[in-house]
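Okay, thanks for coming, everyone.

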Amino acid sequence: MRVITEAWFRGFGYCLSCQSNVLEPTKTNSHARDFTCPICGSPYELKSSIKPSGLRVVDGSLRAMMARIEADEAPNLILLHYRLDWSIQDVTALHSVFLTAEVVEARKPLSASARRAGWQGCNLRLDRIPADGRISLVSEGVVSSPSEVRRLYIQSARLKQIKREKRGWAALTLDAVRKVGRVEFQLSEIYAFEETMSEAFPNNLHIREKLRQQLQVLRDLGYLEFLGDGAYRVIA
């Protein structure tokens, strides 16, 4: 499965952050990356499954993924869903800027009797990545325009203006805004996500204050317009 899907992506994949239509495979056992762009160096990690992606994706080493995130070198994650006849059903790119520490969920370490005793893997929480960070390359067998894919990717790169350790808050607040689902909304509607934020940031005791701050961050990045009296308008 891995050999076939990697061969497919090598033949049909392309860089999302530049105009390169070629991606080069990394050396065997490279951590948290399977391909890189030969022009801009953007990394990609491919995850293939016969089942559609759910709320979580099983990833590799917890230590390796966290090291990439802390070095601000998280890969673009490519989720490939194929059928029994090996046809490609869906391909979704998760923008690297949305792969923050809050998205990574530790799995139980392997037992002392296991061959790799103590090794610890991780899951990636897709439910903590806003729609902006999920870019469709193929949807139900229909291929998206590369120019549109690249436009959406570059648009989401705005979060790179935020320091790496602070992006998780901005990303989850943006996710809350998208889930409200209206062009104009009230601050109270964002407060409804307080429990979700508390789960992601258990050590923060000032969730509402932080949400107000992050709405200002999203305003400064061009996502929102502040209308006054706790009202906001989505502009991008």
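This is a predicted model: local features need pLDDT of at least 70, side-chain atom pairs count only at pLDDT 80 or more; totals for chains, interfaces and linings use all residues.

**Two cysteines, no bond**

Let's start with Cys15: its sulfur sits 3.5 Å from the closest cysteine sulfur, the one in Cys40, and that is too far for a bond. The cut-off here is that a disulfide is a pair of cysteine sulfur atoms within 2.5 Å. And the whole structure holds zero disulfides. As a reminder, a disulfide is a covalent bond between the sulfur atoms of two cysteines.

Residues are numbered from 1 along each chain as its sequence is written, and side-chain values use heavy atoms, with hydrogens and water left out.

Buried means under 20% relative accessible area, exposed means over 50%, and partly exposed is in between, with a 1.4 Å probe and protein chains only.

**Strands**

Next, strand E3, residues 43-49. Helices (H or I, at least four residues) and strands (E, at least two) are DSSP runs numbered from the N terminus. Five of the seven residues of E3 are buried, so this strand is largely enclosed by the rest of the structure. Which strands does E3 pair with? Strand E2, residues 35-36, joins E3 through two bridges, running antiparallel, and strand E5, residues 76-82, joins E3 through six bridges, running parallel. For pairing, DSSP has to find at least two bridges between two strands. If you want to click on pairs, Phe35 has Tyr44 in E3 as its bridge partner, and Lys47 stands opposite Leu79 in E5. E2 and E3 also make a hairpin with six residues between them, and Gly41 in that turn has a positive phi of about 80°.

Then there's an open sheet of three strands, ordered E4-E8-E7, with antiparallel pairing. Its edges are E4 (56-61) and E7 (104-106), each pairing on one side only. E4 and E8 (residues 121-125) share four bridges, and Ser61 stands opposite Gly121 in E8. Helix H2, residues 62-70, packs on this sheet and touches E4, E7 and E8; its direction makes about 95° with that of E4. Contact means heavy atoms within 4.5 Å.

**A helix pair**

Now H4 (residues 167-180) and H7 (residues 207-220): their axes come within 9 Å and cross at roughly 85°. That makes H4 roughly perpendicular to H7, a label that covers 65 to 115 degrees. Axes are lines fitted to C-alpha atoms, for helices over the stretch in contact, and angles run from 0 to 180 degrees between N-to-C directions. Among the residues that meet are Trp169 and Leu174 in H4, and Leu211 and Leu215 in H7.

Last bit. Most residues other than glycine have a negative phi. Asp72 has a positive one, near 60°; it lies in the loop between H2 and E5 and is partly exposed at 44%. Glu140 is positive too, near 50°. Glu140 is found in the loop between E9 (134-139) and E10 (142-143), and is exposed at 62%.

Key:
Angles under 35 degrees count as roughly parallel, over 145 as roughly antiparallel, 65 to 115 as roughly perpendicular and the rest as oblique.
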